[in-house]
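Work through each one yourself before reading its solution.

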Amino acid sequence: MTFISCPFVPIRRWLLMGLWAVGGLALAPAASAQIPARADSTVLLAPQTAASPSTDSLAMRKRRLRWLVGGSAVGYGVIYTGLTTAWYTGERVPLHWFNDLPEWQQLDKAGHFWGAFQESRGAVDMLRWAGLSEKKAIWYGSFVGFAIQSPLEILDGRDPEYGASATDLAANFLGSAGLLAQQLAWHDVRIMPKWSFHLTGYAQRRPNVLGSNVPERWLKDYNGQTYWLCTDVGAFLKPGNRWPRWLQPALGYGGEDMVYNDDATNAAAGLRPYRQFYLSLDVDLRRIPTRSVVLKRVFYALSIFHMPAPALEYNPRNGFGFHALYL
């Protein structure tokens, strides 16, 4: 996509993530109950027997599944219709492709990966809550993120200012595949992609693209976005270890000096975009013990974000640096 598409890509991704958050708030208590292990899933979701849940329970799971599928379809339809009628209202051209891989230091690709992963994670947990077998919940749910995000490339591909992006599709696929691999291996998420944001001064140089107010900058300014991989170390250690499961090391990736989408235009404006790499810690809110149903739901929904923490940064321009509290 060219720089013109920048305002739309993060906004539409966050609209789709809104569906995930609503679903997550609805099922969080059930989802959080399975976080320590899924070894019991074959028992919980086994066919009906004399000792199995009653017929009423089976009917309830069917109702949940119908509401889940129907609600998701309606929600996605509303968002897709909104995009086509509010933002993609100009001239339509035949589907064409555009190579946007060199742009924005690939932070938009990290966003596609993160979005597809989290949407798939929510879908797997919601299908478990709805009563599908563990195998079906994993396989059906894992590619929901790819299925949700990828058709929107058609809108870009038919807009003369944009173009469908093969690398966006690849990032969507890798996000869903990353969730699938972990669910098949561990029936849980041990390596979680997360997102954080801080305000920068770059938006003032181009507010029409990078945002003219705080909410817009939050969505559009790639200079302030950081994407993380947070690892549940305790899950890889022997049982009985003393590692606090809520504390996780985190590797982060970001970039700065990006006002335009391509390096040549940035250079003409006196800018030299560069990458940033971070080593930090994160708090996995899913692991915080609580009996509060409300807090469990809130923690589940907030688990897509990296919590502010000290961080060691390396970038090729300035070398190493330390942040006492990195947002």
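The exercises below concern a predicted model.

**Exercise 1. Describe the overall make-up of the protein.**

Start with secondary structure: the protein has 13 helices and six strands. Next, take burial: 48% of the 327 residues count as buried. Finally, look at contacts with a separation of 6 or more: residues 24 or more positions apart account for 75% of them.

**Exercise 2. Find the largest nonpolar core and say which elements give two or more residues to it.**

The largest nonpolar core has 18 residues, and L107, W195, L210 and Y227 have the most contacts inside it. Two or more residues come from each of helix 4 (107-129), strand 1 (191-197) and helix 9 (207-210). Helix 4 provides the largest share, three residues. Another core, of seven residues, lies apart from this one; V124, L179, L180 and M192 are among its members.

**Exercise 3. Work out how the rings of F113 and F117 are arranged, and whether each residue is buried or partly exposed.**

A pair of aromatic rings is described by the distance of the centres and the angle of the planes. For F113 and F117 these are 6.3 Å and 25°. Planes under 30 degrees apart count as stacked, and this pair is stacked. As for burial, the cut-off is 20% relative accessible area. F117, at 2%, is therefore buried, while F113, at 26%, is partly exposed.

**Exercise 4. Classify the pair W186 and F236, then look for a charge over the ring of F236.**

The ring centres of W186 and F236 are 5.3 Å apart with the planes at 90°, so this pair is edge-to-face. Because W186 belongs to helix 8 (residues 166-186) and F236 to helix 11 (residues 233-236), the pair ties together parts 50 residues apart in sequence. W186 is partly exposed at 27%, and F236 is partly exposed at 43%. The charged end of R190 sits over the ring of F236, 5.1 Å from its centre.

**Exercise 5. Locate E119 and state whether it is buried or exposed.**

E119 is found in helix 4. Its relative accessible area is 3%, so E119 is buried. For a spatial reference, G175 is 56 residues away from E119 in sequence, with a C-alpha to C-alpha distance of 9.2 Å.

How values were computed
Residues are numbered from 1 along each chain as its sequence is written. This is a predicted model: local features need pLDDT of at least 70, side-chain atom pairs count only at pLDDT 80 or more; totals for chains, interfaces and linings use all residues. Side-chain values use heavy atoms; hydrogens and water are left out. Helices (H or I, at least four residues) and strands (E, at least two) are DSSP runs, numbered from the N terminus. Buried means under 20% relative accessible area, exposed over 50%, partly exposed in between (1.4 Å probe, protein chains only). Contact means heavy atoms within 4.5 Å. A nonpolar core is a set of buried Ala, Val, Leu, Ile, Met, Phe, Trp, Tyr and Cys residues joined through side-chain atoms within 4.5 Å. Rings of Phe, Tyr and Trp (its six-membered ring) pair if their centres lie within 6.5 Å; planes under 30 degrees apart count as stacked, over 60 as edge-to-face and the rest as tilted. A charge sits over a ring if NZ of Lys or CZ of Arg is within 6 Å of the ring centre and within 35 degrees of the ring normal.
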